[in-house]
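Welcome! Have a look at the structure below, and then let us walk through a few of its features together.

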Amino acid sequence: MTADRSESASRYFDFRLAIGIPLGLMALLLLLDPSGVDFALAELFYEPGQGFIGRHSFWLEDILHDRAKQAVIFVGVMAIFGFVLSLMPTGLSPLRRQLGYLVLALALSTSIVTPLKTLTGVHCPWSLSEFGGAETFTPLLSERAPTEKPGRCWPGGHASAGFSLLALFFALRDRRPRTARIALVVALGLGAVFSLGRMMQGAHFLSHNLWTLLFDWLIGVLCYRWILYKAPQPMQLSQLAPDLAGGQN
């Protein structure tokens, strides 16, 4: 039965593709300089003499940035609270591994941003001379131009608030596959909206946010493989085709 299989083993997941495709995209972003696309998109939101159209927007700064980030932090706090309760003899005990996974994946997805920003020193679009600033643009792997104010804009920080919720997809995929798919769409949608909002403000280029998505996806996948995934046995794999044919999850 499908319910029994979901309890004893995970639904099949192709880790080769889930890890290989993001790594391949990362390699392409390093080999093929994305600055042409980045600048073309940034120019859509920039008005010479006035700046980026969303730089001082109440909705983009106070609502989509500050309030939305607080909402995601609340999700993380609730995950920690749930995990602590799962360590006690409560109704959450059967979900201990899922909650532990969620706490770890969310923490890693959001905590890697600040160290990477400090390490790379990439400037935001609004700081560049092309967009009314004073700094010189340099590609990610190039030596930074001399400056008294190193950048702190790679990868996209606010995008991680949305894309970090990809962890919900992996936490739910074996027990609640339909809900997991909804969580996947929500995480990708929020990450995309947060990314667009910051691009409209001149805080990030598109590639900054793509890197965030790739990092957060890989963290989710690797933590899932380490903590939650239980490979289906050969007999269970042979039962997968009839289940799919019958339309079961």
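Predicted model: local features only at pLDDT ≥ 70, side-chain atom pairs only at ≥ 80, totals over all residues.

E61 counts as partly exposed, at 26% relative accessibility, while R198 counts as buried at 12%.

## The other salt bridges

The whole structure has three salt bridges. One of them joins R16 to D14, where the closest N and O atoms are 3.6 Å apart. Here R16 is exposed at 67% relative accessibility, and D14 is partly exposed at 23%.

R173 pairs with D174 in a salt bridge, with 3.5 Å between the closest N and O atoms. R173 is buried, its relative accessible area being 6%, and D174 is buried too, at 11%.

## Where α4 meets α5

Helix α4 (residues 58–86) and helix α5 (residues 96–111) have axes that come within 9 Å and cross at roughly 145 degrees. The crossing is left-handed. Among the residues in contact are I80 and F83 of α4 and L99 and V103 of α5. By class, this contact has seven nonpolar, four polar and one charged residues.

## The two sides of α6

Which residues of helix α6 (residues 113–120) are buried? They are V113, L116, K117 and T120. Seen down the helix axis, these fall within an arc of 105 degrees, so they line one face of α6. Their cover includes α5, α7 and α10.

On the other side of α6, T114 and L119 are exposed. Just after the helix, G121 has a positive phi of about 65 degrees.

Methods: Residues numbered from 1 in each chain as written. Heavy atoms only, no water. Axes fitted to C-alpha atoms, helices over the stretch in contact; angles between N-to-C directions. Helix = DSSP H or I, 4+ residues; strand = E, 2+ residues; numbered from the N terminus. Left-handed = near helix turned anticlockwise from the far one by under 90°. Contact = heavy atoms within 4.5 Å. Nonpolar A, V, L, I, M, F, W, Y, C, P; charged D, E, K, R; others polar. Buried < 20%, exposed > 50% of the residue type's maximum accessible area, 1.4 Å probe, protein only. Arc of directions from axis to C-beta. Salt bridge = Lys/Arg side-chain N within 4 Å of Asp/Glu carboxyl O.
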